[in-house]
Amino acid sequence: MDETKLRLRRDAELTEADGEVRISAPAGSLGLRGLDAGIAAALRVLAGGDAGETALAATVGEAGLLRWNLLVRRLARAGLLEYAAAGARLRPVGAGGVEPAPTPPADTPIRLSRFAVVTAGDGVLTVRSPRSPAVVELSPAACGLLGALASWTTPAELAADGRARAPAQDQSQGQGQGWGQALRFLAAAGVLATGPEDDDLAKAQWHPRDLWLHAHSRGPRYTGRYGGTYAFTSRFDPVPADPPPFTGERIELPRPDLELLAKTDPSLTDTLERRRSLREHDQDAPLTLAQLGELLYRSMRRRAVFTSPDGQELADRPYPSGGSVHELEVYPLIVSCQGAEPGLWHYDTAGHALELVSPPTPAVRALAERAKSAAQLTGDPQVVLTVTARFGRVMWKYETIGYSLVLKHVGVLYQTLYLAGTAMDLAVCALGGGDAADFARASGLDYLTEGSVGELIVGSRR
């Protein structure tokens, strides 16, 4: 079998000062003192790139071999080592111990996990599980293994399967025998299934995409970079707080008197208790432009803008937003509203005004029809509030958790609109889903730059 090669994880740094050798990585650091010359030299070899176990043992010397083996296990448990063999590499990317798993017995049923995610880049395919701190990288010569693992097989069947040829350097051992180390790597990374993965509700209920988002947005254990890393500061300027204005008709909205409302509004407790999802609207007395403006003002307006030390424009609105980035926008699709023509409009949070995005084209009408169907309405909704996210506002700063933050912000905006609408005696109902591609067609906005992430219907209450 091909000899396994080791190296320090690629995002680790080895430094030496005051008699201490320190290995630092995003997952943590390890300080070592009292090392003999051979072991210190072997660590420097690991820091420089791949090294075979035989060569490392020779560098350490026979007298230090036991201590070296113990140190290697310690490095593995700290998630500081990468392993390479047979065109495959086992690499830690998160926090936690990473080392090759035992070789699966020859007659064990195995298959690629249904939760495995495969991505391409830098000349390799990377295979990972949403709940593992390690990934496996496969060279082009080793990628045939994934196809062979698309259905249930065994290591013995892989060895006899001409479709699953191992890399050329392993062919002298017979077809498939070079896959032993790669299978150990896949098992260690949690992407090799050895039994059913949907035989109980705990596993069956998770779609791979949902589990991936959940695991990777809930902490750095399974990913190397997490949170406010500002990953794009060296490549792109931050996205400004205000989107470019639309050039269509503009309607200045009246500003409600908040001091008067504070005296006449129902209490918070009463508003919370009366809050309901109300789908049907009073078709004889539609929502007025003043009511729509008041709802948006109380829920969505920009109260202040300021600049963070890193140069990003931040904002203040009535609802909270992670890092004050406030990436959400609202597009009222007006079907019936006294004082405003039908069409798709954008709410200018800074100027408290509506900007016409599009008249009621077929694409705009399709949005209204989809909202009507989602809410199971008998008549047309008076206004559909489409919530969008300017994704770059969040993702310029936050890594891994960016989209999950967007969804949390949508939730708090929903509640804010619900409570303000209830206090105003309006009918508000959040919808369970929409079509971001439909919104992109109706608005002309780029799907990846600014896309719809939520919808509500609003109207006068029966």
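Reply: Let's start with Arg298, which forms a salt bridge with Asp265, the closest N and O atoms being 2.2 Å apart. Arg298 sits in helix H11 (residues 289-300), while Asp265 is in the loop between helix H9 (258-264) and helix H10 (268-274), so this pair ties together parts that are 33 residues apart in sequence. As for burial, Arg298 comes out at 16% relative accessibility, so it counts as buried, the cut-off being under 20%. Asp265 is partly exposed, with a relative accessible area of 24%. Keep in mind that this is a predicted model. The mean pLDDT of the chain is 92, and 96% of its residues reach 70 or more. The stretch to treat separately is residues 169-177, where pLDDT stays under 50 and the model has 19 contacts beyond four places in sequence.

Why would such side chains pair at all? Side chains of opposite charge can do so when their charged atoms come close. Searching the whole structure turns up 29 salt bridges, so let me pick out a few others.

Now for something beyond simple pairs. Arg10, Asp50, Glu82, Arg89, Arg91 and Glu137 are linked in a network of salt bridges. Arg91 is a handy way into it. Arg91 lies in strand S7 (residues 88-92), and its 14% relative accessibility makes it buried. Its side chain is joined to that of Glu137 by a polar contact of 3.0 Å. Leaving aside residues up to four places away in sequence, Arg91 touches Arg10, Glu82, Pro133, Ala134, Val135 and Glu137.

H12 has 14 residues and reaches 20 Å from its first C-alpha to its last, close to the 20 Å expected at 1.5 Å a residue. Val364, Leu367, Ala368, Ala371 and Ala375 are the buried ones in H12. Looking down the axis of H12, you'd see its buried residues fall within an arc of 95°, so they line one face of the helix. On the other side of H12, Pro362 and Ser373 are exposed.

What do the buried residues of H12 pack against? Their partners are strand S17 (328-334), strand S18 (343-348), strand S19 (353-358), strand S20 (383-390), helix H15 (436-443) and strand S23 (450-460). Following H12 comes Gln376, and its phi is positive, near 55°.

Terms used:
Residues numbered from 1 in each chain as written. Predicted model: local features only at pLDDT ≥ 70, side-chain atom pairs only at ≥ 80, totals over all residues. Heavy atoms only, no water. pLDDT = per-residue confidence, 0-100. Contact = heavy atoms within 4.5 Å. Helix = DSSP H or I, 4+ residues; strand = E, 2+ residues; numbered from the N terminus. Expected span 1.5 Å × (residues − 1). Buried < 20%, exposed > 50% of the residue type's maximum accessible area, 1.4 Å probe, protein only. Arc of directions from axis to C-beta. Polar contact = N/O pair within 3.5 Å; in protein donor to acceptor, adjacent residues only side chain to side chain. Salt bridge = Lys/Arg side-chain N within 4 Å of Asp/Glu carboxyl O.
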